[in-house]
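Let's take a walk through a protein structure together.

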Amino acid sequence: MNKSLIYGLLLSILMVIAPHAEHLPLWVSGLCAGLLLWRTWLTYGDKALPKRWLLMLVTFAGTAGIIFNYHTMFGREAGVTLLVMLATLKLMELRKPRDAMVLVYLACFIIITNFFYSQSIPTALYLLASLTVIVTTWVHLQAESIALRPRMRIAAVLLLQALPLTLILFILFPRVQGPLWGLPQDAYASTGLDDRMSPGSLSRLGLSEEVAFRVSYNGKPPRRDQMYWRGPVLWYFDGRTWTPGRTTLTYPPDFTDLGQPIDYVVTLEPHNKTWLFTLDVPDKLTIPAIISSDFQVLNRAPVHARMRYAARSNLVYHANVRESERQLQRALQLPRQFNPRAQQLAAEWRAGSKDDETLVNTALRYFSKQGFVYTLQPPLLGSNSVDDFLFNAKQGFCEHYASAFVFLMRAANVPARVVTGYLGGEYNSVGNYYIVRQSDAHAWAEVWLAGQGWVRVDPTGVIAPGRLESGLSAAVSDSAALPFMERNPPQWMRDLRFNLDTLANQWNQWVLGYDSERQFAFLTRLGMESVTWQKMALNMSAGLGAVIALFSLFMLRHLFVRRPDKVQAAWLRVCGRLARAGLPRAAHEGAQDYADRVAAAHPALAANIRDLAARYSALRYGSHGGESVRQEFLQRVRAFKI
Amino acid sequence: MEHGAITLTQRRIFIIPTKQGFMLGFVLVLMLLGDINYNLSLGYVLTFLLAMMAVMSMLHAFRNLAHLEIRPGRADPVFRGETAQFMLHFNNRSKLSRYQLCLVQPGKSFWTNTNTPLKFDVPAMQDSEVAFPLPATRRGWLQAGRLMLYTEFPLGLFYCWSYLHFGTRCLVYPKPLRVAPLPSGSSPDGTGKRSVAGDEDFSGLRKYTPGDALPRIAWKAYARERGLQVKQFSTPLGEELWLDYADTPDRNEEEKLARMTRWVLDAEAQGLRYGLGLPDGGLPLRHGGAEPSGAGGAAGQLLPQSADFVSNVSQLPSNNGIAHRDECLRRIALFNLPQQGQP
């Protein structure tokens with residue numbers, strides 16, 4: 001096999017497996033890199049391929065390694081790893097053109113597996129680059145004689161021609177809402193909020209730049225300190241970790257005295273959990289969802305794909321003023337064996353307060369006066385985590401404050417619970433929407449006060465008011481620990497970032513989020529009435545047909561040979577007449593030779609045909625030939641009779 | 001069957017997917033299922049891109065053949081056991097290079113053709129000459145028959161083909177025996193005796209043709225890079241050799257003809273005058289007029305000179321020279337063969 005063809009295949013495989021290096025086990029990346037280098041070296045030095053038994057050995061060892069690594073051969077991660085390894089090994093036993101073809105198909109398949117991890121704009125551009133390399137190699141495989149430049153040109157032409165057709169297909173191909181079959185458990189990577197909160201779990205998220213969701217408000221956005229996006233509500237405390245606890249109660253919440261409604265649209269990134277984020281408290285939602293008795297909005301299935309919903313919330317409310325006794329009992333659960341000092345402090349407060357509201361304010365005053373520090377890097381806490389935090393460390397992130405506050409409330413016999421979610425968001429002035437990142441994750445508390453229902457209390461707001469008003473960077477004391485963009489970057493960088501995010505948002509909405517629903521909306525807006533799949537298929541075929549027809553015209557126009565000119569046509573008529581008379585002109589015969597042959601066979605025609613042949617040769621091959629000469633010739637042809 | 005040039009218009013070109021094409025279809029269906037299941041928008045894009053590239057490659061494959069003009073050329077006579085070269089002229093009048101054209105003899109079945117194709121490119125605006133090789137396994141006329149011109153360019157997903165049937169034929173001489181001493185016969189009219197004279201008078205050089213005796217090759221001329229040349233010697237008149245079928249000692253007809261072939265070659269190489277005698281009826285020759293344009297090649301073009309004395313006799317009077325040699329070989333080649341379908 002041609003050397004440069006092998007280099008092409010090597011480059012194709014390298015390009016498609018390179019993005020996987022990030023999440024493959026290190027030994028697989030190393031093995032693949034080693035194999036690629038080995039193959040390059042073998043090709044460069046014209047050396048023989050390794051023996052079959054050696055390759056078999058490597059294949060078996062590699063497969064065993066993957067099974068050992070993932071404890072399975074199936075599932076997404078293991079499958080992708082196996083595919084990458086096998087494709088690289090296939091390079092080592094490239095013998096027939098068929099093997100090369102298999103590699104080309106494998107390369108295309110590996111590109112698709114790449115989309116499990118990223119479908120961003122750079123990924124799409126990288127896809128085009130890889131595909132160009134693959135198709136160039138593919139063309140080379142068919143025609144070894146063809147040089148690199150025309151090869152690349154043909155590949156580029158094929159790709160460019162396919163692009164508009166792909167656009168038509170993308171828009172009109174009837175979309176089916178997946179999944180078609182059950183997905184393996186590890187089908188989706190997940191970052192984001194968890195339904196467990198222990199010291200450090202939110203501060204870890206605080207370092208993540210990933211987008212959780214984007215919001216655009218219809219009308220004036222609320223104040224920043226009203227942007228509490230409600231996530232999982234945590235009831236049960238085991239002394240260290242907060243969890244939702246077990247509940248058998250499901251009844252709708254009871255909201256009264258509502259005010260200050262606000263409408264907004266959320267584009268939620270997939271987080272593989274069921275909860276949907278809404279501002280407190282949710283009123284309406286455009287998609288079917290459940291609202292739990294503790295005001296969480298839950299999707300029916302885990303959110304595996306990007307999702308869009310419009311919602312309305314009321315920022316002013318009274319929630320569950322009449323709460324069930326069992327629920328209030330749940331809100332007082334406490335592991336009594338831990339944190340004796342905190343329990344003692346709570347008992348002192350209880351004794352000194354005339355009602356629950358005074359007690360809450362006492363607690364908040366305590367947090368503001370005792371020199372607490374808001375930090376992303378709190379010190380480790382012992383087994384009496386609340387005591388340790390309240391009386392020794394006095395440094396913590398929002399989860400420490402929320403946890404300690406709720407503990408104190410419960411110890412003082414005030415029903416309370418922890419609420420996690422997101423706070424605030426970054427305004428993108430370019431796209432006029434808010435970006436809520438994982439670093440905006442937050443935890444706060446809710447206490448139940450007689451006559452007021454559940455009331456939000458955010459102890460973080462007392463310690464670091466900046467967190468509520470302008471975000472994390474203003475609130476934490478040690479901003480060096482934050483990612484660069486969370487500190488205060490120069491304005492142009494901010495602008496660039498907003499522009500890129502706007503682009504990414506459009507991409508997410510229109511390209512990645514183009515599902516059956518969007519398709520329906522888009523086609524209706526284009527003017528298609530009653531969108532059915534038959535109609536889409538019909539339009540699709542028509543569109544494809546039209547574009548392909550256009551391409552054919554464009555591509556084949558070089559081929560249509562010009563019609564022979566009048567002189568030649570006239571001469572061909574003469575030949576035709578003679579052919580019918582039994583004297584066809586041979587393909588190799590020139591006019592003069594033919595005339596001589598005809599003259600020999602039919603002496604009667606001799607003068608005439610010789611004259612015509614001479615004139616024809618002069619007109620066609622000579623340099624002079626005015627219009628009059630032409631006319632004369634044509635006339636003589638008309639007069640020519642056998 | 002065609003005479004003269006063929007232009008590959010769309011009516012002559014057929015197209016179907018190859019095995020690879022079906023394979024890609026299968027891969028694309030798998031990809032599409034994955035896209036739907038995992039809701040991969042970019043996966044849809046990739047799947048559609050590949051599918052549409054495949055569709056466009058069909059048009060490219062068609063264009064690779066379309067409007068090529070093909071003319072049959074000569075096919076020089078060969079000896080049995082050699083490879084006949086049928087010349088074909090591919091005229092590409094467009095500005096597009098045609099890549100990876102393949103010419104092959106169709107197999108028994110369309111799907112399993114084991115014949116090895118001849119692959120070539122035809123650059124833009126060029127007239128290329130292509131020699132299609134066919135093994136010459138029997139003496140007589142070797143028909144090129146129906147050839148298949150196909151291409152799988154650019155992606156190998158579509159098989160685009162057209163049939164070429166020109167009726168070109170190539171004359172196959174019998175394979176000469178390796179060694180066969182010349183007979184000591186004389187011409188039937190009794191004039192002249194065989195003589196090995198003629199070796200003495202060097203009269204010039206001529207181009208080498210297959211079958212020339214090695215000692216006669218002008219190695220000095222070859223060393224001066226003037227190509228392979230053969231020394232020619234004039235033969236005094238009257239020294240004639242009669243090569244008669246009846247004088248061959250072999251039992252088998254083919255062996256007799258092989259021996260006679262060797263005789264003719266040696267006699268010509270030695271510059272002798274020689275005549276040929278074959279049994280009656282063993283002369284399937286057409287008389288008078290020119291050979292049909294598509295046939296015969298060199299043998300046909302040289303025929304008119306010898307046509308003067310070709311009549312219904314099976315004997316060729318003594319003479320020498322290339323034309324005479326070729327005529328002798330031609331008669332030996334066609335001896336006792338049924339007339340082949342030729343106008």
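Just after helix H11 of chain A, Gly371(A) takes a positive phi of about 70°. Before we back up into that helix, some ground rules. This is a predicted model, where local features need pLDDT of at least 70, side-chain atom pairs count only at pLDDT 80 or more, and totals for chains, interfaces and linings use all residues. Residues are numbered from 1 along each chain as its sequence is written, while chains are lettered from A and ligands numbered from 1 in the order in which they are written.

Helices here (H or I, at least four residues) and strands (E, at least two) are DSSP runs, numbered from the N terminus. H11(A) covers residues 356-369. Its 14 residues, at 1.5 Å a residue, should span 20 Å, where the expected span is 1.5 Å times one less than the number of residues. The end C-alpha atoms are 20 Å apart, which agrees.

Now look at which way its side chains point. Asp356(A), Leu359(A), Val360(A), Ala363(A) and Phe367(A) are buried. Seen down the axis of H11(A), the buried residues fall within an arc of 105°, so they line one face of the helix; the arc is that of the directions from the helix axis to the C-beta atoms. A residue is called buried if 20 or more other C-beta atoms lie within 10 Å of its own, exposed if 12 or fewer, and partly exposed in between, with C-beta atoms placed from the backbone. On the face turned away from the buried side, you'll find the exposed residues Thr358(A), Asn361(A), Arg365(A) and Lys369(A). And what do the buried residues of H11(A) pack against? Their partners in chain A are helices H10 (340-352), H13 (398-411) and H14 (459-463), plus strands S17 (441-449) and S18 (453-457).

Next, see where the two chains meet. Here 45 residues of chain B are in contact with 51 residues of chain A; being in contact is having C-beta atoms, placed from the backbone, within 7 Å. On chain B's side, the elements that give two or more residues are helix H1 (19-38), helix H2 (41-65) and strand S6 (98-104). H2(B) gives the most, with 16 residues.

The UniProt record (an unreviewed entry) lists residues 21-38 and 44-62 of chain B as "transmembrane region". Its positions are given in the numbering used here, feature names are shortened, and annotations may be inferred rather than shown by experiment. In the model, residues 21-38 of chain B are 100% helix, with end C-alpha atoms 26 Å apart. Residues 44-62 of chain B are also 100% helix, and there the ends lie 27 Å apart. For chain A, the UniProt entry's regions include 123-141 and 153-173. The span 123-141 of chain A is 100% helix, and 153-173 of chain A is 95% helix.

Between H1 and H2 of chain B sits a loop holding Asn39(B), whose phi is near 55°, a positive value in a residue other than glycine. Is Asn39(B) buried or exposed? Asn39(B) is buried, with 20 other C-beta atoms within 10 Å. Over in chain A, Asn272(A) has a positive phi near 65°, but this residue is partly exposed, with 13 other C-beta atoms within 10 Å. Finally, the peptide bond from Phe153(B) to Pro154(B) is cis, with omega near 0°.

Notes
Contact = placed C-beta atoms within 7 Å.
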